[in-house]
Amino acid sequence: MTWSFSLGRLLGSELRVHITFFLLLAWIGFAAYGTSGWAGAMVNIAFVLALFACVVAHEFGHALMARRYGIRTPDITLLPIGGLARLERMPEKPGEEIAVALAGPAVNVVIWAVLTAFGAKTSLALTDLDQTSAGFLQRLAVVNLFLALFNMIPAFPMDGGRVLRALLCLRMDRVAATRAAATAGQIVAFFLGFMGLSSGNPVLVLIAVFVFVAANAESQDVAMRSVARRLMARDAMITRYESLAPQDTVATAATTLIRTTQHEFPVLGSDGALLGFVTRAALFEALAHDAPRTRPVTEIMTADIPRVALATGLETVLATLHDGAPAIAVCTETGQMLGYITRENVGELMVVQGR
Ligand SMILES: [Zn+2]
C-alpha cells in the first residue's frame, strides 16, 4: 500500500501524488471558503496549483542534479512537506549526495528571490497562509521560504537530514550515520507533534506523524541494504517447498494450500523447468467463482516470474521484489528452478542476519 497515485510522466520521471498532499490542499481551500466564500476558495485553488508547481520544481531540483551524476529518478511523490524524489541509487561520494540534497531547497530559494524581486514581502507568519487577505505572490514567497527552511532541518526525512548523513559518513559507517539522522528526525517529529497539539493545528500533527514514520523507514531501509550487500540469492532462497505440475487442478492446489504453510506454489514441468507461480490470492479468486475446480493450475498461474542466478546479489533481488512480483525464482542457466525468494523470507533473513 503506497497511498499515492500517478499523474503521468515529466522530464523522464513518473509524477505521483501522496494522499496527504490533498489533505493539506483541502484544509487550505476549506478555511478560505469559511472566511471569504467562493471567491476566496477560487483564489486558494489557484494558490494551491502554484504551490503544487513549486513543490514539483523542488523535486526536479533533486532529480536534475542527480542526473548530472548519471543517476535516474524513476518517480517523484508529492507530500505536504515537499515530496520525495526516488532516485535509482544514492550518489556514492558525500559531496555529490550533499549537492543533490541541496538542489531541492535551492530551487525554492530561487523562486522566493524572484518573487521578492517582483515586490513580494516576507513578513507573514505561516499561520496566515489560509487567509486570502494576504497577497497571492506574498503568500507564494512565504511558502517557498518555508519549504526551503523546513527541508533544511538536519534530520531525516528532510533534505537537511541527507546533508547531515553525508557529513556523518565521513566519520562513521553509513548505517550508523543514517540511524543518527533518523533519530534526529524522530525528535523533530515529537517537537512538531507537540507544537501541533498545543496550538490545535491538525496539519502540523499530520506532518509530525509523517516525519516520524519516514525517518524510521529510512533507517530500516539502509540497514536492510547493508545486510543485502553482503548476501546473495543462494543465502535467501527457500529450498524446501511443494510444487505443482502443469496438469494439476485448482482443487489439487487448494488441498496443497491447506496442507502446507506456503502462500505461493511454483508450477514445474517434468524436467524441473519453472512455468509460473500460483499465488494464494489467485487461488482464492479462482475458488470464489463458480468456474469448475477441475481447471488446470496453468490457467490461474502468474507466468512472468523474475529469474535470478544463485550468485545474484540480494540487493538486486530486493529491488526486483519491490516491483511487485509475488516471488523471485532462482534458476540454473537452463531454466531449472533451484529455489525461490519471497518478501517474507527476505524479512526473516534480515532478522536473523541483521544489526
Ligand atoms: Zn527535497
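**Notes on the predicted model**

1. Cysteines to start with: the disulfide count here comes to zero. Keep in mind that this is a predicted model. A disulfide is a covalent bond between the sulfur atoms of two cysteines. Cys54 counts as buried because its relative accessible area is 5%, under the 20% cut-off. Cys331 is buried too, at 8% relative accessible area.

2. Cys54 turns up again where two helices pack. Helix 1 covers residues 19–68 and helix 2 covers residues 94–117; their axes come within 7 Å and cross at roughly 145 degrees. The crossing of helix 1 past helix 2 is right-handed. On the helix 1 side, the contact is built from Cys54, Ala57, His58, Gly61, His62, Met65 and Ala66. Helix 2 brings in residues including Ala99, Val100, Gly104, Pro105, Asn108 and Ile111. Sorted by type, the contact residues of this helix pair are eleven nonpolar, five polar and no charged.

3. On to the overall layout. The chain is split into domain 1 (1–152), domain 2 (154–228) and domain 3 (233–352). Taken over C-alpha atoms, the centres of domain 1 and domain 3 are 42 Å apart.

4. Where does Thr342 lie? It sits in the loop between strand 9 (337–341) and helix 11 (343–353). Buried or exposed? Thr342 counts as buried, because its relative accessibility is 3%. Leaving out residues up to four places away in sequence, Thr342 touches Ile238, Glu264, Leu321, Pro326 and Ala327.

Conventions:
Residues numbered from 1 in each chain as written. Predicted model: local features only at pLDDT ≥ 70, side-chain atom pairs only at ≥ 80, totals over all residues. Heavy atoms only, no water. Axes fitted to C-alpha atoms, helices over the stretch in contact; angles between N-to-C directions. Helix = DSSP H or I, 4+ residues; strand = E, 2+ residues; numbered from the N terminus. Left-handed = near helix turned anticlockwise from the far one by under 90°. Contact = heavy atoms within 4.5 Å. Nonpolar A, V, L, I, M, F, W, Y, C, P; charged D, E, K, R; others polar. Domains from an automatic or database assignment. Buried < 20%, exposed > 50% of the residue type's maximum accessible area, 1.4 Å probe, protein only. Disulfide = S-S within 2.5 Å.
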